[in-house]
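Hi,

Here is the model I promised to send over. Have a look at it first, and my notes follow below.

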Amino acid sequence: MRSEGNDSQKGNGRIRKLLILLVAIVLFAYATEVTQVDLREPLEPKRQENLISLLRELARPDLLSYANETLSTNISVRMPCPEEVKASQVQNEGRTVLLIPNCATTTQDVLSLQGEGFPPNASGLVRWYPAESETTRRLAEFKADANGTFRVDFTMPDIRETADPQRIELQELTARHITGLSDTTLLALDKIVETVLMALMASTIGTILAVPISFMAARNLMTDIKLPLAAIMGSILLLPVGGWLGWWGTQQLVALAALISGSAFVGLGAAVVLAALAVVSVRVNPALSPAETKVAPVAITGLWLGTAVLSLLTLATLAQVGLAAGAWLQAHLGVFAFVGNFIFVLSDLLTLLLPALVGLVGILVGMSLGGRYGQEAVIRLPERAARLLTLGVTMGGTAVFVIGVCLSLFWVNLLGIREYVPETVGGQLQILILPALVVGGLAAAVSLLRPPKYPYPIGIATYTFTRSVLNITRSIEPLMMGFVFVVWVGLGPFAGILALTLHSVADLGKLFSEQVENIDDGPREAVNATGANAVQSVVYAVVPQVTPHYIAYIFYRWDINVRMSTIIGFVGGGGIGFVLQRYLNQLQYSRASVLVIAIAVVVTILDNVSSRIRTRIT
Amino acid sequence: MLKIQNLSKVYEDGTRALTDVSFTVPEGEFVAVIGLSGSGKSTLLRCINRLIEPSSGDIWWDDVHLSHVTGEELRRARRRIGMIFQHFNLVDRSTVLTNVLSGRLGYVNPIASILGRFPEEDVQRAYASLQRVGIRDKAQNRADELSGGQRQRVGIARALMQEPGLVLADEPVASLDPALAHSIMRHLQQINREDGITVLCSLHFLDLVQQYSTRAIALNQGKLVFDGAPHEIDDAKFVEIYGREAERIG
Ligand SMILES: Nc1ncnc2c1ncn2[C@@H]1O[C@H](COP(=O)(O)OP(=O)(O)OP(=O)(O)O)[C@@H](O)[C@H]1O
Ligand SMILES: [Mg+2]
C-alpha cells in the first residue's frame, strides 16, 4: 500500500519535472524570438568598426584643455594651374616638404603632400589659407612614420580661384601643455552640482511630506481608530468649510499685508510689532486650557483664532518685506547676489503658498472639529436625538463627498466626461446637488442599520486608501512624471525636482510606514495610558523609535534621486542628464564620457557616505 | 473607589478572557490580582484604563464611568491612572528624563509638548520622582542603558508623574530577580501607603502577594474565584485558583 503510493508519487514528480522543463524550453524559445536575439549582425565588420570607434571615443574623455606648440611650414599653391604644372619643395628646420603638383584647377584634382626629415612619429594638421579670406580650411592630418617621412593625398577644396598664389600650411605639433580643465569638465561640474542639489531638494521636500503620510499608512497606528458615523460625516462636512475659510481668509490677510508694507521700512516696522503681539498672545494661550481654567471656551477659541490671524499676518508682512529686501540685496550684494535671490524666492514662495497651506490646515482643523463634535454629540445626546443627528450629517456628509468626487472627475476629464457637463464649476454644482442629496438620503437610510454609536473602522479605511495611493504613485515611472512636469512648469531643473519629489513621497511614505509597523508597541501603549492624545503618542512613542531608520532612508533616497535625476534630464528635467542626452545625440562621445564619469564619481561617493551613515545610526 | 460590575471581555477571535467579573476596591487598598497564566489578569487591568475595550459590563471609578467615557474624557480619566508594565515599556532611545516627563502628557499644553517643551515645574517634578525611586543621577542616560531594576523604577517614576489616584501594575516584577523584585514591590508599597494611591497589581508569587498586598483577587479562566485577604488563601483555595496539579512553593 505504502510503497505503491510512494511509487505513484514519484511518477507524478517526474512528470511534473518534465512538464516544467518543457514549459521552460518553450518560454525561452519564444523569448529569443521576441527579443530579436541576433548574433550575426553584431559581428558584421561595419558594426564592429562603429563600436570600436565609439568605445575609443568614450575611453578618451575630454577632461582637460590643452595648449599646443606648433611648427609651421608654408608652401604655396596656385589656383587655377598655370600652363606648366610643376612640383614645389620647401625646407624648414631640416624638414623637407614636397607638393605634387603645386596647383589645382578643379575640385577633382588630387594633390599629394610628402614630408621627409621630420622627427619620428611627428604629427599635425594640414590647412589651406585661401587668398583674400580670413577663414582657413582643414585639409587633412598627417602622421610621420618611424623614419620621419609621410605622404598625404587630398583633393582640391572648393575655393575661389585667385591670381595670386594661395598657401598651404603644415602645423606640426611639437609640444602640448595642459592648461586646465576642459569646458566639458567645467560644465559637468556645474551640472553635477545642480543634479545633487536637485536630489537634495526633492529628498527634503519629499521627506517632509512623507512623514505624516507614513503614519497614515501604518496599520498598527490606524487599526485602533474607530469612530461613530456622525464623527466621520461631521469631518467630511466641515472639510470644505475649513479649507475654504483658511484659503480665502489668508488671501485677505496677504492682501492686507501688501497694503501695510507699502514701503519696506514701514513693512518691517509693522512686522516687528505684529511679531511681538503674536509672541505675547502665544505665551498667553497655553495658560488657557479649557479643562483647568474658568475662562469661557468661547473666549479661549477667540484667543486662539486671534493668535492665528496675528501670526499669519506677521508671516505675510514678513514675506512682503522679504520680497523687497531680497530684490534690493540681489542688486547690491555683487557676488553674494544669490543670497538676495534666495530671500526673494523664499518670500515669493511664502506669499504664494501661504493661502494653500492655511487652507490645508483649515481642512485639518475643520475635519478634527467636525469629528470631535460629531463624537461628543452622539455620546451625550439621548439615543433618539443621536440617531437623528447621525441621519442628518450622514446625508450632508455623503452629499459633500459625492460632489467632491464628481467635481474632481469632471476636472481630470475622466473618459471625456467634460463634453457632457457644464463648463463652469457653478454649473456643475447645479446639476450635482440633487443627485448628491439623493445619494446622501440613501446613505442616511443605510446608516440606520447600525446604532449611532457603532464604531466604524475609519482608521483601517484611511490606511487602505493611503497605501493604495502610495503604491500606485510608486509604480509610475519618474520619467513619466518628469515629462508631465516639464509640460507644466517648463524645461529645467524645477520640473525635475517636482517629479523626483512626487516619487520620493510615494517611496519614502511606503518605506517609512513599514518602519512604523515594525516598532515595539509597548511604549505606545504606555504613553497612551498616561492620557496622551494621538499626536503626542506618535511624537513620544513612535518618532524616537523610527527616527534612525527614517534618516537612513532619507540618505538612501538622496542617493536614488541623484541617479534618477540623471535620467529625468533626458526628458528635459534639468541636471546632468539634460547635457548628457545632448552630447549623445550630437555623437560627441568623448564629451559624454566626461559626464558619465562625473555621475559615477558622485554616485559612488554618495553611496559610500549613505551606507556609512546608515550603519552608524542603526 | 473602583467598582467593577459584570465585566466581560471576548476577544475578536472568540477567546473569552473575562466572564462576569465583579468586585469593588475601596480607595487606598493594595490589591493583588493572581491566577494562572492566561487567566485574564492583563485583560482585566487593561480594561480598567481602556487599553482594551471591554465587551460588556461597567467600570466606575468614583463618579467616572470608566467603561463608557471616550475622547477627551477618557484621556482625562487616563491621566490619573498610572500603569506599570512587565516589560517596562520605556522608549529605549529617549532619555530617562523624557520617559518620565511623558507621564505628564495628559496635563500639559499639547502643542508645547509636541515641540518638546515642558513647564519648569514638571521638569522639577520629574527629578523629584526620579529621586524618590533612587535614580536621579540617571536622568540624562538613555533608557536602554539602564538595568532591568532601574528601568522598572523609571516606569514607576513615570506613573508618579501622573499624580495618579490609581496604579495598575501588570506583573511589574516578573522580569526581575527576587532581590530586585522586593525593591520594586517596596516602592509600590511606599506610594500606596504614603500617597494613598490605590494599587492593582498582578503577581505570580504568593509570598509577594502575602507580603505586600492588603487584599487578593484571583481569576481562573476569566472568572473571579477568590476575593479576600491574602492570608485566607489556604491549600483548598490554592487548588481552586491554580488547579489540582499546581504545587505550592514559597
Ligand atoms: N489580543 C488578544 N486576542 C485574542 N486573545 C487574547 C488576546 N490577548 C489575550 N488573549 C487571550 O485571553 C486570555 C487571557 O489573557 P491575559 O493576557 O489577560 O492573561 P494573563 O492572566 O495576563 O496571563 P499571563 O500571566 O501569561 O500574563 C488568554 O487565553 C489569552 O490567550
Ligand atoms: Mg499578563
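Helix α3 (residues 183–216) of chain A packs against helix α15 (residues 534–568) of chain A at an angle of about 145 degrees, and their axes are 9 Å apart. Helices here are DSSP runs of H or I with at least four residues, strands are runs of E with at least two, and both are numbered from the N terminus. Axes are lines fitted to C-alpha atoms, for helices over the stretch in contact, with angles running from 0 to 180 degrees between N-to-C directions. α3(A) passes α15(A) in a right-handed crossing (right-handed if the near helix is turned clockwise from the far one by less than a right angle, left-handed if anticlockwise). On the α3(A) side the contact residues (heavy atoms within 4.5 Å) include M198(A), L200(A) and F215(A), and among those on α15(A) are Y550(A), R557(A) and W558(A). By class, this contact has 14 nonpolar, seven polar and one charged residues. Ala, Val, Leu, Ile, Met, Phe, Trp, Tyr, Cys and Pro count as nonpolar, Asp, Glu, Lys and Arg as charged, and the others, Gly among them, as polar.

Before going on, the ground rules: this is a predicted model, where local features need pLDDT of at least 70 and side-chain atom pairs count only at pLDDT 80 or more, while totals for chains, interfaces and linings use all residues. Residues are numbered from 1 along each chain as its sequence is written, chains are lettered from A and ligands numbered from 1 in the order in which they are written, and side-chain values use heavy atoms, leaving out hydrogens and water.

Now the other helix pair. The axes of α5 (residues 229–260) and α9 (residues 383–412), both of chain A, come within 8 Å and cross at roughly 45 degrees. That makes α5(A) oblique to α9(A) (angles under 35 degrees count as roughly parallel, over 145 as roughly antiparallel, 65 to 115 as roughly perpendicular and the rest as oblique). The crossing of α5(A) past α9(A) is left-handed. M233(A), I236(A) and P240(A) are among the α5(A) residues involved, with V393(A), G396(A) and F401(A) among those of α9(A). The contact divides into ten nonpolar, five polar and no charged residues.

On to the sheets. One is an open, antiparallel sheet of four strands in the order β2-β3-β4-β7 (chain A); strands pair if DSSP finds at least two bridges between them. β2 (88–92) and β7 (150–155) of chain A are the edge strands with a single partner each, so one side of each has no neighbour in the sheet. The twist averages 15 degrees from one strand to the next. Five bridges join β3(A) to β4(A), and I100(A) has S112(A) as its bridge partner in β4(A). Between β4 (residues 110–116) and β7(A) there are six bridges; L113(A) is partnered with V152(A), and G115(A) stands opposite F150(A).

Last, the disulfide (a pair of cysteine sulfur atoms within 2.5 Å). A search of the whole structure finds one: C81(A) joined to C103(A), S to S 2.0 Å. The torsion about its S-S bond is about 95 degrees, so the disulfide is right-handed. C81(A) lies in the β1–β2 loop and C103(A) in the β3–β4 loop of chain A, so the pair ties together parts 22 residues apart in sequence.

Cheers
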